[in-house]
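Here are a few exercises to work through with the model open beside you. Try each one yourself before reading the solution.

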Amino acid sequence: MLIAQQLAQQFAATAAARDDQGGTPKAERDAIRASGLLGLSIAKQYGGAGADWQEILRVVREFAKADSSVAHVFAFHHLMLATVELFGRPQQWEPWHEKTTRLNWFWGNALNPLDERTVCRTFDHWLEFSGPKSFCSGALDSEMLVISAIQHGSGKLVMAAVPTGRSGIRLHQDWNNIGQRQTDSGSVHFEQVRVELNEILDQPGPLSTPRSCLRPLIAQLILTNIYLGIAEGAFDEARHYTLHEARPWRAAQVDHTYEDPYILSHYGEFWVGLESVRALTDKAGARLVEAWAKGDALTENERGEVAISIAVAKIAASRIGLDLTCRMFEVAGARATHAELRLDRHWRNLRTHTLHDPVDYKLKELGEWALVHTYPKPTFYS
């Protein structure tokens, strides 16, 4: 964790300026490569640290406090490593894990199952992927990609892991959204890309067993920790500004801003919210660790319990985070809106991310659980 904290401090120093620039956080990604943290989730027998998901997610949260874009690409790297392990055969993912630690590979995402424009065609001993894919976080500056396509004729989802530099793969620097501006979440185009049979993730395949259905839950809990990290980072910046820069309002009749009873009330509410989300998020993380340890013995109901716990934490992190990143200006004052500070990036990052999948549908799933004890149906978003 000390390495993560040192890196986070380094990332924080340039986060506002890099948010303005957008593009790839190349220096920050290389710093992560050099740190050894790309092997954090990989078992020790393959050269990794063998950390559990609670430990991994604490690093994600620490990075998100400083720079949620860097946290995003780092977390998705570990999500892709989990994806090949959960959807593929040991003969596939074991060499990939070993090479990741030995060669400091960064994994990127070109999966996006909602974008069905990439089509897969089958030949005698290989497959061909062609078409565009959007929202490909971390694809730029990666060594490996997890990709998906719709099989021509059957409509089946086909997933694979391939080198990013393979012929026919074109990465586009077309991500220019209001938030998460350095996640490289632009598009990838596949032009007659050859995919070997031993690169296809089909045993057991996507969402085919209770254990493989942990993959979307890992993704959801990653997002929850990023949301919490953003809120914690916003709180820290607001606190610093209140204590060192903000001026007391004349009607408060106090010498210092931190003596204003309304300011103190806001901070009290912020703290209750953060503590609540921390407790829910850590509880969900502990349940994920327990479920992961069960391996193939995991049952559908056990998986469902993890899904409920993560959904609760994610909803709380979304609501409380958006409230805090907006109201932080009420405790920092008008001067905190100075453009160079870019304190609005916390809200922009969180707002961009929380639209990943609608909170309303998470609430619907929880309502079904609360009323009739029906677990959420496993999808790539639940």
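Two residues count as being in contact when heavy atoms lie within 4.5 Å. Keep in mind that this is a predicted model.

**Exercise 1. Find the buried residues of helix 2 and say which helices they pack against.**

Step 1: go to residues 26-35, which form helix 2. Buried here means under 20% relative accessible area.

Step 2: pick out the buried residues, which are Glu-28, Arg-29, Ala-31, Ile-32 and Arg-33.

Step 3: look for their partners. The buried residues of helix 2 pack against helix 1 (2-21), helix 3 (53-66) and helix 4 (68-87).

Step 4: check what comes next in the chain. Just after helix 2, Gly-36 takes a positive phi of about 85 degrees.

**Exercise 2. Work out whether Gln-180 is buried or exposed, and what its side chain meets.**

Step 1: Gln-180 sits in the loop that runs between strand 6 (169-171) and strand 7 (188-196).

Step 2: check the accessible area. At a relative value of 2%, Gln-180 is buried, because the cut-off is under 20%.

Step 3: list the contacts, skipping neighbours within four places in sequence. Gln-180 then meets Ser-68, Ser-69, His-72, Trp-175, Asn-349 and His-353.

Step 4: look for a polar contact. The side chains of Gln-180 and His-72 make one, at 3.2 Å.

**Exercise 3. Decide whether the radius of gyration agrees with a compact globule.**

Step 1: For 382 residues, a compact globule would come out near 21 Å.

Step 2: compare. The protein has 21 Å, so the two agree.

Step 3: Along the principal axes, the C-alpha atoms fill roughly 80 × 50 × 40 Å.

Step 4: bring in burial and contacts. Buried residues make up 54% of the 382. Of the contacts between residues at least 6 apart in sequence, 75% join residues at least 24 apart.

Note on methods:
Residues are numbered from 1 along each chain as its sequence is written. This is a predicted model: local features need pLDDT of at least 70, side-chain atom pairs count only at pLDDT 80 or more; totals for chains, interfaces and linings use all residues. Side-chain values use heavy atoms; hydrogens and water are left out. The radius of gyration is taken over C-alpha atoms; the globule rule is 2.2 Å times the number of residues to the power 0.38. Buried means under 20% relative accessible area, exposed over 50%, partly exposed in between (1.4 Å probe, protein chains only). Helices (H or I, at least four residues) and strands (E, at least two) are DSSP runs, numbered from the N terminus. A polar contact is a pair of N or O atoms within 3.5 Å; within protein, one must be able to donate a hydrogen and the other to accept it, and residues adjacent in sequence count only if both atoms are side-chain atoms.
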